[in-house]
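Subject: Structure for you to look at

Hi,

Here is the structure I promised to pass on. Have a look at it first, then read my notes below.

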Amino acid sequence: MSTDSIKVGDAAPDFTLEASRGRKVSSADLSGKPYLLYFYPKADTPGCTTQACGIQEALPALGKLDLTIIGVSPDPVAKIDKFADKYGLEFPLASDPEHALADQYGVWVEKSMYGRTYFGMERSSFLVGADGRIKALWRKVKPAEHVALVEAAAKDLHG
C-alpha cells in the first residue's frame, strides 16, 4: 500500500485491537467521537518515549477537547504494558503485531538504517472527526512537535 493511501476527508478504517492494561480499543466504540490514532515504531525508544510523554502531559487539554488518544505500534501487549507502566501512560497503547491497521493507513513502510532495508512503522498520526472521517494527518512527524500540531487541529474540530 502506498504511503499516500489515506487522505483528509477519507473514511477512517475500522479496527479492533488489544491495548495496554487489558483494554481493547475499537473504531465502533469511538463512533460519534473524535479520536487520534498515532502510529509509533517501537515502545520505550527515545523518540517514542518523547512523543508518548508529550501526549500524557497534554491529556488534560486534549480531554477538554473531548479527544480520545490511541497509540499504535507493532509491539506485543506485554511490551506495551511495561512501557505504559514505566512512564505512567494513561491513554491506551494498542498492539498491531500483524500491522493490519498500519497497512490500511499506509504507515507500514520500507525503511533503511545502516545500509539495511526493512519494513517498519512510520511515525504518523491521524485525527479522526466525530463523523468517522480523517480531519488531519501528519506523516513522519517529529516527536517533540507532535502534541502542538494535534492540539491546534483538535481545537479546529470544535471551530
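**Cysteines and C48**

The closest cysteine sulfur to that of C48 belongs to C53, and at 11 Å it is too far away for a bond. Seen from the other end, C53 has its closest cysteine sulfur in C48, again 11 Å off and too far for a bond. A disulfide here means a pair of cysteine sulfur atoms within 2.5 Å. Searching the whole structure turns up zero disulfides.

Before going on, some background: this is a predicted model, in which local features need pLDDT of at least 70 and side-chain atom pairs count only at pLDDT 80 or more, while totals for chains, interfaces and linings use all residues. Residues are numbered from 1 along each chain as its sequence is written, and side-chain values use heavy atoms, with hydrogens and water left out.

Are these cysteines buried or exposed? C48 is buried, at 1% relative accessibility, and C53 is buried with 19%. (Buried means under 20% relative accessible area, exposed over 50%, and partly exposed in between, using a 1.4 Å probe and protein chains only.)

C48 sits in helix 1. Helices (H or I, at least four residues) and strands (E, at least two) are DSSP runs, numbered from the N terminus. If we skip residues up to four places away in sequence, C48 touches Y40, P41, K42, F83 and R123; contact means heavy atoms within 4.5 Å. UniProt, in an unreviewed entry, lists C48 under "active site". UniProt positions are given in the numbering used here, feature names are shortened, and annotations may be inferred rather than shown by experiment.

**Salt bridges**

How many salt bridges does the structure hold? There are seven, counting a side-chain nitrogen of Lys or Arg within 4 Å of a carboxyl oxygen of Asp or Glu.

- D44 and K86 meet through their side chains at 3.1 Å, N to O. This pair links distant parts of the chain, 42 residues apart: D44 is in the loop between strand 3 (35-39) and helix 1 (46-64), and K86 is in helix 2 (residues 77-87). D44 is partly exposed at 34%, while K86 is exposed at 52%.
- E18 and K24 also form a salt bridge, at 3.1 Å from N to O. E18 is partly exposed, with 42% relative accessibility, and K24 is exposed, with 52%.
- K7 pairs with D10, and their closest N and O atoms are 3.8 Å apart. K7 counts as partly exposed at 49%, and D10 does too, at 23%.

**The largest pocket**

Now for the empty space. Rolling a probe the size of a water molecule over the atoms shows where such space is left. Grid points are joined across faces, edges and corners, and the volume is the space filled by probe spheres set on the points.

The largest pocket comes out at about 200 Å³. Its lining has 13 residues, and P41, K42, K111, Y118 and M121 lie nearest its centre. Strand 6 (108-113) and strand 7 (116-121) are the elements that give two or more residues to this lining. Strand 7 gives the most, with four.

**A few single residues**

R21 has a positive phi of about 55° although it is not a glycine. R21 lies in the loop between strand 1 (16-19) and strand 2, and is partly exposed at 39%. H99, another residue other than glycine, has a positive phi near 50° and is found in the loop between strand 5 (93-95) and helix 3 (100-105).

S27 is in the loop between strand 2 (23-26) and strand 3. S27 is buried at 11%, and touches P13, D14, F15 and Y35, leaving out residues up to four places away in sequence.

Lastly, find K64 in helix 1, which is exposed at 75%. K64 and K155 are 91 residues apart in sequence, and their C-alpha atoms are 9.7 Å apart in space.

Cheers

Terms used:
On a 1 Å grid over the protein atoms alone, a cavity is a set of points where a 1.4 Å probe fits but cannot get out, and a pocket is an open set with protein on both sides within 12 Å along at least five of seven lines; lining residues have an atom within 4 Å of a point.
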